[in-house]
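User: Hi! I am new to reading protein models. Could you walk me through this one?

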Amino acid sequence: MIWTAIIASIAVYSWKILGYLVPERFITPAFRAFADRVTVALLAALVGIQGFTLAGSVVLDVRVAALGVGALMLWLRAPYVLVVLVGALVAAGLRLLGF
Amino acid sequence: MRRQVLSTSISVGIATGLYGISFGAIGVVAGLDVPTVMVLSLLMFSGASQFAFVGVVAAGGAPLAAITSAWLMGIRNSFYAIRLTSVFGPLGMIKLLSAQLTIDESNAVSAAQQTKEAQKLGFWATGIAVFIFWNLATLLGALAGNLMGSVEQWGLDAAAAVAFLGLLWPRLRQQLALALAGFGVALVSYPFLPAGIPILLAAAVALIPWRSKA
């Protein structure tokens with residue numbers, strides 16, 4: 001399995017390096033604006049997949065509460081690491097209570 | 001400014017470590033040995049791709065399926081790299097290194113900064129901080145994996161979701177419509193498509209020239 005992991009790592013790296021090898025003249029202002037928007041769209045999609053899905057279906061569970069508390073803390077400008085830590089604690093705590 | 005960027009970077013590094021523990025534990029529970037789990041964190045170094053790889057292995061999938069899922073999950077790093085190219089200008093051989101550090105977190109912290117200087121610093125500081133904490137945490141998780149029980153029990157799955165929300169947060173006020181579209185497309189398509197594809201589909205909403213609020 002270690003060789004499968006190495007080959008997969010090289011495959012993933014190929015995307016990373018490819019982005020740096022695109023010739024400058026292809027990177028128009030419109031394309032740059034697109035790459036900037038992609039950052040936002042992907043992060044939002046990752047929140048969705050990581051927070052609202054389980055084994056092939058969309059679900060609502062304690063992670064929603066963790067995200068809600070996280071959003072409130074971010075709105076109150078709490079430090080990032082504290083927000084993530086409290087998110088974990090909220091989910092762990094609610095599960096301990098049987099949710 | 002410099003101080004603030006560095007403190008954000010380290011903060012993101014530590015927070016990423018939290019779910020790095022979860023990755024290490026999940027990897028071992030999925031049946032990978034500790035060196036293989038570490039190869040993924042050191043060489044692949046892209047959280048979503050690593051989780052995809054381990055997910056396929058845990059489900060008893062073929063090696064080729066594991067490689068393909070990880071690969072598909074990594075496409076977005078290419079977009080990040082393109083964004084970063086215009087921040088950096090010519091990099092020479094250093095691009096081999098910056099490519100390895102091009103991930104959600106380093107790009108997000110960079111994109112949240114106002115000046116070019118801060119954007120560069122944000123990328124390098126976050127990339128290096130995440131690399132260090134992610135790998136230490138993976139090792140810890142892999143060694144403790146079988147003792148930990150489930151990562152859900154520790155809320156580590158929620159930590160990852162909250163971490164992505166935190167990275168998105170600085171951009172939400174200006175680009176709320178775009179974010180909601182990406183979120184919606186990913187979730188609506190998720191039940192019907194193979195792992196990795198819903199995320200790609202969400203990237204496609206960025207093709208629409210959404211106006212951002214100043």
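This is a predicted model: local features need pLDDT of at least 70, side-chain atom pairs count only at pLDDT 80 or more; totals for chains, interfaces and linings use all residues.

User: How many residues of chain A are in contact with chain B?

Analyst: Two residues are in contact if their C-beta atoms, placed from the backbone, lie within 7 Å. Here 63 residues of chain A are in contact with 81 residues of chain B. H2(A) gives the most to chain A's side, with 20 residues. Helices (H or I, at least four residues) and strands (E, at least two) are DSSP runs, numbered from the N terminus.

User: How do I read two packed helices?

Analyst: Two packed helices are described by the angle between their axes and the distance between the axes. Axes are lines fitted to C-alpha atoms, for helices over the stretch in contact, and angles run from 0 to 180 degrees between N-to-C directions. Take H1(A) and helix H2 (residues 34-44) of chain B: their angle is about 10 degrees and their axes are 9 Å apart. They are therefore roughly parallel to each other (angles under 35 degrees count as roughly parallel, over 145 as roughly antiparallel, 65 to 115 as roughly perpendicular and the rest as oblique). Residues making this contact include A:Val12 of H1(A) and B:Met44 of H2(B).

User: Is A:Val12 buried or exposed?

Analyst: A residue is buried if 20 or more other C-beta atoms lie within 10 Å of its own, exposed if 12 or fewer, and partly exposed in between, with C-beta atoms placed from the backbone. A:Val12 counts as buried, because it has 28 C-beta neighbours inside 10 Å. Leaving aside neighbours within four places in sequence, its contacts include B:Trp71 and B:Gly74.

User: At what angle do H2(A) and H7(B) pack?

Analyst: Helix H2 (residues 29-52) of chain A and helix H7 (residues 104-111) of chain B pack at about 125 degrees, with their axes 11 Å apart. That makes H2(A) oblique to H7(B). Among the residues in this contact are A:Asp36 and A:Leu43 of H2(A), and B:Asp104 and B:Ala108 of H7(B).

User: Where does helix H8 of chain B bend?

Analyst: The bend at a residue is the angle between axes fitted to the seven residues ending there and the seven starting there. Helix H8 (residues 116-148) of chain B bends by about 40 degrees at B:Ala142. Just after H8(B), B:Gly149 takes a positive phi of about 75 degrees.

Notes: Residues are numbered from 1 along each chain as its sequence is written. Chains are lettered from A and ligands numbered from 1 in the order in which they are written.
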